[in-house]
Amino acid sequence: MIFVKNLHKSFGKLEVLKGIDCHVHEKEVVVVIGPSGSGKSTFLRCLNKLEEPTSGEIIVDGIPLNSEVNVNAIRREVGMVFQRFNLFPHMTAIQNIVLAPEVVRKTNKEEARKIGLELLAKVGLYDKADEYPDRLSGGQQQRVAIARALAMKPKIMLFDETTSALDPEMVGEVLAVMKDLAREGMTMVVVTHEMGFAREVGDRVIFMDEGIIMEEGEPNEVFANPKNPRTKVFLSKIL
Amino acid sequence: MNWHVVVDNMPILAKGALLTLELTAGAVAIGVVIGLFMALARLSKHKVVRAGAIAYIDFFRGTPLLVQIFLVYFGIPMLLKWQTMPDNYQYTAGILAMGLNSGAYIAEIFRAGIQSIDRGQSEAARSLGMTQAQALRYVILPQAFKRTIPPLGNEFIALLKDSSLLSIIAIQELFYTGKIIVGRTYQPLPMYMAVALYYLVMTQLIAQWVAYMERRLGKNDLR
């Protein structure tokens, strides 16, 4: 589904990604962990080209990310959820959700609304359809953001520290939605600090540090017997 | 001091004031269109487009409006090699000069508004597959526009006052009308006070309208 080869990314002189090779299979849930500044968010953002890679090859769903046309095509198939929700504040929950299907997919209004309400029901916010984002809690906003991404019927979902900006009591409701998605067979790449989620839902864990993949493997294996000393240090700090 | 002069000439002054409003409205319309266009050009990825917008803004912001009025009024007929000026050409030239000038200021207002919108907004829009134009139209500009209302109000007020400069090309707007009456009556103090009052009323109207727009948009969905 996602194929990454020798991906490099520099911001000016700072090299953030130093050669990432990675393959994500269909219906796989890959959890990316690592300390801040390890490049995990940048890696994720390269996958739908919110960041322009300095060099390397990325192929998503068979389409190489090498032109503007391809990038827009891929973004339609790849949903992304952000740390800071990024809901459109001038639109209600349902308007946030139907905008892209209407504008990009040219779905007609009734159909888009129907799908939007179904998705809101799915994330437990059917009754909040007409609320503006600032009337919603962080957890609710993030669930709307997930519904918004799902409205495009993506084949892949990218989650960029989706629970890091939330109050602790709201983390659970967002993770629950993500778990449901994983169970339904969505292909997911999840950057997170939630090790419980990684262990429970992840098919594979990737540990990144200093711009490279230090270790990867099955979650239980990585958490129980980390092979790389850096992984050990990182896990000992957060577990 | 002869206040009768003011009372007697109220209707003529009102006519001048109306023309002032019309000139300003025309210039605002041109200015907003140019401003939006130039703001987007100024933020373009393409160097040449950006440089063009910067040159435009620098020129019209960096030279006096009075000079620009003359440049347009006398320059266009020369460039187009007109033998005579068409009737009422001064209105066209006046509105155009003010619109061109205002476009530069409004461009900067729009640019600031667009740049004040969190980058996450356009990233969210783009990540949903929207093109840059779609992201601008549905996500960025509606939010940016609300934030530009107060500075836009300032610009409209400034423009209305600056329209008095158009008297120099014999457009009978408010100030010109006042000047003519003074020439006839030799009552500068009451007449110019009346002129000032007319301007004040009009700028107040704009200020009130801006405040109203701010409240209305703010209540519904400026979040």
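Q: What area is buried between chain A and chain B?
A: This is a predicted model, in which local features need pLDDT of at least 70, side-chain atom pairs count only at pLDDT 80 or more, and totals for chains, interfaces and linings use all residues. Residues are numbered from 1 along each chain as its sequence is written, chains are lettered from A and ligands numbered from 1 in the order in which they are written, and side-chain values use heavy atoms, with hydrogens and water left out. Buried area is the accessible area (1.4 Å probe) that two parts lose on being put together, summed over both. Carbon and sulfur atoms give 56% of the area buried between chain A and chain B, which is about 2,100 Å².

Q: Which residues in chain A lose the most area to chain B?
A: Three residues together account for 25% of what the chain A side buries. They are Phe88(A), Pro89(A) and His90(A).

Q: Which residue of chain B forms a salt bridge with Arg45(A)?
A: A salt bridge is a side-chain nitrogen of Lys or Arg within 4 Å of a carboxyl oxygen of Asp or Glu. Two are found across the interface of chain A and chain B. In the one formed by Arg45(A), the closest N and O atoms are 2.5 Å apart, and the partner is Glu123(B).

Q: Which element gives the most residues to the side of chain A that touches chain B?
A: Helices (H or I, at least four residues) and strands (E, at least two) are DSSP runs, numbered from the N terminus. With four residues, the element that gives the most to this side of chain A is helix 2.

Q: What pattern does chain B follow along the sequence?
A: Chain B contains eight helices and zero strands. Its C-alpha atoms fill a box of roughly 70 × 50 × 25 Å along the principal axes. Read along the sequence, the pattern of chain B is α-α-α-α-α-α-α-α.

Q: What percentage of the residues in chain B is buried?
A: Buried means under 20% relative accessible area, exposed over 50%, and partly exposed in between (1.4 Å probe, protein chains only). Of the 223 residues in chain B, the buried share is 46%.

Q: Is Lys40(A) buried or exposed?
A: Lys40(A) lies in helix 1 (residues 40-47) of chain A. Beyond its neighbours within four places in sequence, Lys40(A) is in contact (heavy atoms within 4.5 Å) with residues including Val32(A), Glu161(A), His193(A) and Met208(A). Because its relative accessible area is 4%, Lys40(A) is classed as buried.
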